[in-house]
Amino acid sequence: MGAAVAASGQWHDDDGVRMPAGDAHAWLPGHNQTVCGVPLSRAGLRVFPHVPWEYRDTDVLGPNDRVGHVCEHCLAALRPRRRRGEKAGWTRTSPRP
Ligand SMILES: [Zn+2]
């Protein structure tokens with residue numbers, strides 16, 4: 001479904017590509033809020049349509065990461081689905097308009 005990243009800050013990598021920094025949320029292109037329901041404009045979040053949402057619960061942010069915090073609500077909402085029959089800890093699907 002192609003979720004991308006929205007974040008409270010940004011930086012430019014060596015190629016001049018805009019990259020997220022600060023607090024990161026998942027964002028679905030075309031929406032005016034994050035997956036967890038934070039309004040982009042009110043929260044001052046920038047969107048990064050070219051940066052796919054690839055965070056996982058198991059990710060450990062290192063000292064070189066500019067992203068300081070990944071939203072756990074967005075992580076949970078976009079957690080890869082387990083195979084049927086496995087214990088599901090989260091059943092809510094991401095909100096759609
Ligand atoms: Zn979020």
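Is cysteine 71 buried or exposed? Here are some notes on that residue and on the zinc site around it.

1. Cysteine 71 is buried, because its relative accessibility is 6%, and the cut-off for buried is under 20%. Bear in mind while looking around that this is a predicted model.

2. Now for the zinc ion. Its protein donors are His25 through ND1, and Cys36, Cys71 and Cys74, each through SG. These atoms lie 2.1 to 2.3 Å from the zinc ion. The angles among the four donor atoms run from 101 to 122 degrees, and the site is tetrahedral.

3. Cysteine 74, one of the donors, has a relative accessible area of 0%, so it counts as buried.

4. Histidine 25 deserves a look of its own. You'll find it in strand E2, which covers residues 18-27. Histidine 25 counts as buried because its relative accessibility is 13%, below the 20% limit. Setting aside residues up to four places away in sequence, histidine 25 touches Cys36, Cys71 and Cys74, and also Ala4, Val5, Ala6, Thr34, Val38, Leu45 and Trp53.

5. Next, glutamate 72, which sits in helix H2, residues 72-77. Glutamate 72 is partly exposed, because its relative accessible area is 45%, and that class lies between 20% and 50%. The side chain of glutamate 72 makes a polar contact with the side chain of histidine 69, at 3.3 Å. As for arginine 56, it is 16 residues from glutamate 72 in sequence, with 9.4 Å between their C-alpha atoms.

6. With a relative accessibility of 39%, arginine 46 counts as partly exposed. Leaving out neighbours within four places in sequence, arginine 46 is in contact with Val5, Ala6, Ala7, Ser8, Gly9, Gln10 and Arg18. Take glycine 9 from that list: it is 37 residues from arginine 46 in sequence, and the two C-alpha atoms are 7.0 Å apart.

Notes:
Residues numbered from 1 in each chain as written. Predicted model: local features only at pLDDT ≥ 70, side-chain atom pairs only at ≥ 80, totals over all residues. Heavy atoms only, no water. Donors = N, O, S within 2.8 Å, 3.2 Å for Na, K, Ca; no water. Tetrahedral: all angles 85-135°; square planar, octahedral: opposite > 155°, others 65-115°. Buried < 20%, exposed > 50% of the residue type's maximum accessible area, 1.4 Å probe, protein only. Helix = DSSP H or I, 4+ residues; strand = E, 2+ residues; numbered from the N terminus. Polar contact = N/O pair within 3.5 Å; in protein donor to acceptor, adjacent residues only side chain to side chain. Contact = heavy atoms within 4.5 Å.
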